[in-house]
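Take a look at the model below.

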Amino acid sequence: MIKPLTSLRFIFALMVFTSHFCFIDISDKTLLGFYNTLFSEGFLGVSFFFILSGFILALNYQERLLSGQTTAGEFYIARVARIYPLHLFTLICSMPLLYSIFVSQPVSFFARLTLNTFLLQSFIPIRDFYFSFNIPSWSISCEMFFYLMFPLIIALLFRFKNAYKFILVILVLLPVGILFCPDSIEHGMFYVNPFFRITDFMIGILLYNVYEKHWLRGLFKTRLLSTVMELASLGIMVLFMAYHKDVPEGYRYSCYYWIPMIVIIFVFSYQSGLVSTLLSNKVMVLLGEISYSFYLLHYLVIRYATALARKFQFAINDYIFILIILAIVLLGSYFTHKLIEQPANKMIKLKAMRVFVDNRGKEI
């Protein structure tokens, strides 16, 4: 485990949480101003997750897959065990939010439900499909596709000398594609669709292979130099966020934040500066460990809390209301991580291992 990167997962999940303040009827002008200028960019957390996913999977599985120590089947089981149980739980919890669709458009309801159940919703470039039920799960749909492609990407990278060049060409062509894409499908294609978002994932894989060669290790020789690098990487992200209004939306939702995310992940992977030390404390690491639960739960809590507030006409300060929601999400994340994520993960892996053993026994 690279502790600072684990902790950063929570920080970026928290940024995604702030980006969904749009569901809250904010009356405080100062808070609304923060949302419009800063919090609304919280979607950049998704780019961090996708790039980090490629980096961490390459770190943990690249050599094991290439050497045959881990099979593709074992890899897939491990990834399904990691993400599917909580996804299904939050999917069930989100169903009441689409009750009106169930009544008025039952065919559409079950079509969306089927796609969400099998994590296929992000392939459909229609907002009512990719943003249905538990909205943040669209990115889990992308992740599932990335996992499916990961063994193939790794095999291609190490069997074909020009594979890196091919990936670099794809990364260059993506911004060009955005330039000529109609506005009506831009969001569904370049922000949501796995065929395009896999570029983030591939960047993470390439980044790990640069990190693994230690070409820039000299930049982290001392604690002082490492701290300067960590602060500079965070400063780059702040700089990009400060000028986001000058950048077309299509680029901001896809490739604009590549550079700061790459720099942050690379710098903190060395975990040798003062900021890394702060991020490596037990509380931050725990928050990072429950960040997947936090990410999948936060939208549901926001939607249910705002629905109840409107129904019963609660008069409550915006800041207090958001803090209450945050507290509920944090508490819920801890318990779903302990009671659903971890037990289900272990159970699925254990049963899968028994199947592998039984099959090998039959073959023998």
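This predicted model holds three salt bridges. Side chains of opposite charge can pair when their charged atoms come close.

| Salt bridge | Closest N and O atoms |
|---|---|
| Glu41 and Arg252 | 2.7 Å |
| Arg82 and Glu341 | 2.7 Å |
| Asp200 and Arg197 | 3.1 Å |

Start with Glu41 and Arg252. This pair links distant parts of the chain, 211 residues apart. Glu41 sits in the loop between helix 2 and helix 3, and Arg252 in helix 13. Glu41 is buried, at 1% relative accessible area. Arg252 is buried too, at 13%, because buried means under 20%.

Next come Arg82 and Glu341. Arg82 lies in helix 4 and Glu341 in helix 18, so their pair ties together parts 259 residues apart in sequence. Arg82 is partly exposed at 22% relative accessibility, whereas Glu341 is buried at 5%.

Asp200 and Arg197 are three residues apart in helix 11, so about one helical turn separates them. Asp200 is buried at 1% relative accessibility. Arg197 is buried, with a value of 1%.

Both residues of that pair also touch Ser254. Ser254 lies in the loop between helix 13 and helix 14. Its relative accessible area is 1%, so Ser254 is buried. Its other contacts include Ser47, Ile178 and Phe190.

Now the surface. A nonpolar patch covers about 660 Å², and its residues include Leu308, Phe312 and Ile328. Helix 18 gives the most to this patch, with three residues. Leu308 lies in helix 17 and is partly exposed at 46% relative accessibility.

Technical notes:
Residues are numbered from 1 along each chain as its sequence is written. This is a predicted model: local features need pLDDT of at least 70, side-chain atom pairs count only at pLDDT 80 or more; totals for chains, interfaces and linings use all residues. Side-chain values use heavy atoms; hydrogens and water are left out. Helices (H or I, at least four residues) and strands (E, at least two) are DSSP runs, numbered from the N terminus. Buried means under 20% relative accessible area, exposed over 50%, partly exposed in between (1.4 Å probe, protein chains only). Contact means heavy atoms within 4.5 Å. Patches are made of residues with over 30% relative accessible area and no salt bridge: like charges are joined within 9 Å, nonpolar side chains (Val, Leu, Ile, Met, Phe, Trp, Tyr) within 5 Å. Accessible areas come from the Shrake-Rupley method with a 1.4 Å probe; for residues, only the protein chains shown count as cover. A salt bridge is a side-chain nitrogen of Lys or Arg within 4 Å of a carboxyl oxygen of Asp or Glu. Lists of a residue's contacts leave out its neighbours within four places in sequence.
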